Amino acid sequence: MIELDQETWIYLTIIAVFLAYFLWSSRRAKNIKKQRKNRNFRKRYMERKKENESDPLVK
């Protein structure tokens, strides 16, 4: 098996932490973007629904 010194283990740990943070951050950003898109969609939907309910000629 490969024997690694302490400095190499530290470097590998730093790289692993960076990769974990990058993956976590990108997944979190993706979820925030998806939530914002859904919130905007619901807001537009409710605005159209209120306009249709308030307009007596539509139906």
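Analyst: Start with tryptophan 24, which is partly exposed, with a relative accessible area of 45%. Here buried means under 20% relative accessible area, exposed over 50%, and partly exposed in between (1.4 Å probe, protein chains only). This is a predicted model: local features need pLDDT of at least 70, side-chain atom pairs count only at pLDDT 80 or more, and totals for chains, interfaces and linings use all residues. Residues are numbered from 1 along each chain as its sequence is written, and side-chain values use heavy atoms, with hydrogens and water left out.

Now the partner. The structure holds 1 aromatic pair. Its rings belong to tyrosine 21 and tryptophan 24; their centres are 5.8 Å apart and their planes meet at 40°, so the pair is tilted. For the rule, rings of Phe, Tyr and Trp (its six-membered ring) pair if their centres lie within 6.5 Å; planes under 30 degrees apart count as stacked, over 60 as edge-to-face and the rest as tilted.

Both residues, tyrosine 21 and tryptophan 24, sit in helix H1, 3 residues apart, about one turn of the helix. Helices (H or I, at least four residues) are DSSP runs, numbered from the N terminus. Tyrosine 21 is exposed, at 53% relative accessible area.

Look along the helix too. Tyrosine 11 is also placed in helix H1. Tyrosine 11 is partly exposed, because its relative accessibility is 48%. From its C-alpha atom to that of asparagine 38, 27 residues apart along the chain, the separation is 41 Å. Arginine 36 lies in helix H1 (residues 6-54) as well. With 43% relative accessibility, arginine 36 counts as partly exposed.

Key: Helix = DSSP H or I, 4+ residues; strand = E, 2+ residues; numbered from the N terminus.
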